[in-house]
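Thanks for coming. I will go through one model, starting with a definition and then moving to particular residues and a sheet.

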Amino acid sequence: RKMSQKGRPASAEAQRQRHGGQSVLEWDGPKAEGAPDPEFGELLVEIPKKSGGSARFYLRGVIVEDKRLSYENLRGVAFAERTKGALVQTPKTAAVMWLYPMKGMGRPISLFSLHYQYEDATMQAIRKGLGFGQG
């Protein structure tokens, strides 16, 4: 996979170029209802946390608990779907999304389906909308 000078895959770099060099979430699904963030703009997707609170994906960044990550500082997004046929979710069978910040920008942020209520398709759409998913 070709990587750009900044360490992003070519697909994410191409996505940036479509938006004038800005890293944004391309989202065509239903939009979440909520106030915009002063730094990250319009709220696009909200993933509820089972114990209260949520992960909020805005136009230009994501907020997960007390962590804020601008998509400009995102170097990768990985998503593992929930194991098919697993009757009970365990750490081994749960779905998980990892958001990887640029080096020196903190630790990866994880969203486990054990803790968050989401559909795999939604997470795949977010990954693709950030330029880190195939087709």
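Buried means under 20% relative accessible area, exposed over 50%, and partly exposed in between, using a 1.4 Å probe and protein chains only. This is a predicted model: local features need pLDDT of at least 70, side-chain atom pairs count only at pLDDT 80 or more, and totals for chains, interfaces and linings use all residues. Residues are numbered from 1 along each chain as its sequence is written, and side-chain values use heavy atoms, with hydrogens and water left out.

Lys92 has 77% relative accessibility, so Lys92 counts as exposed. Lys92 sits in the loop between strand E5 (74–80) and strand E6 (96–101); helices (H or I, at least four residues) and strands (E, at least two) are DSSP runs, numbered from the N terminus.

Next, is Asp37 buried or exposed? Asp37 counts as buried because its relative accessibility is 10%. Its place is the loop between helix H1 (10–18) and strand E1 (43–48). The Asp37 side chain makes a polar contact with the side chain of Arg68, at 2.8 Å. A polar contact is a pair of N or O atoms within 3.5 Å; within protein, one must be able to donate a hydrogen and the other to accept it, and residues adjacent in sequence count only if both atoms are side-chain atoms.

Now the sheet. Three strands form an open antiparallel sheet, ordered E5-E6-E7, where two strands pair if DSSP finds at least two bridges between them. E5 and E7 (109–112) stand at the edges with a single partner strand each, so one side of each has no neighbour in the sheet. E6 and E7 are joined by four bridges.
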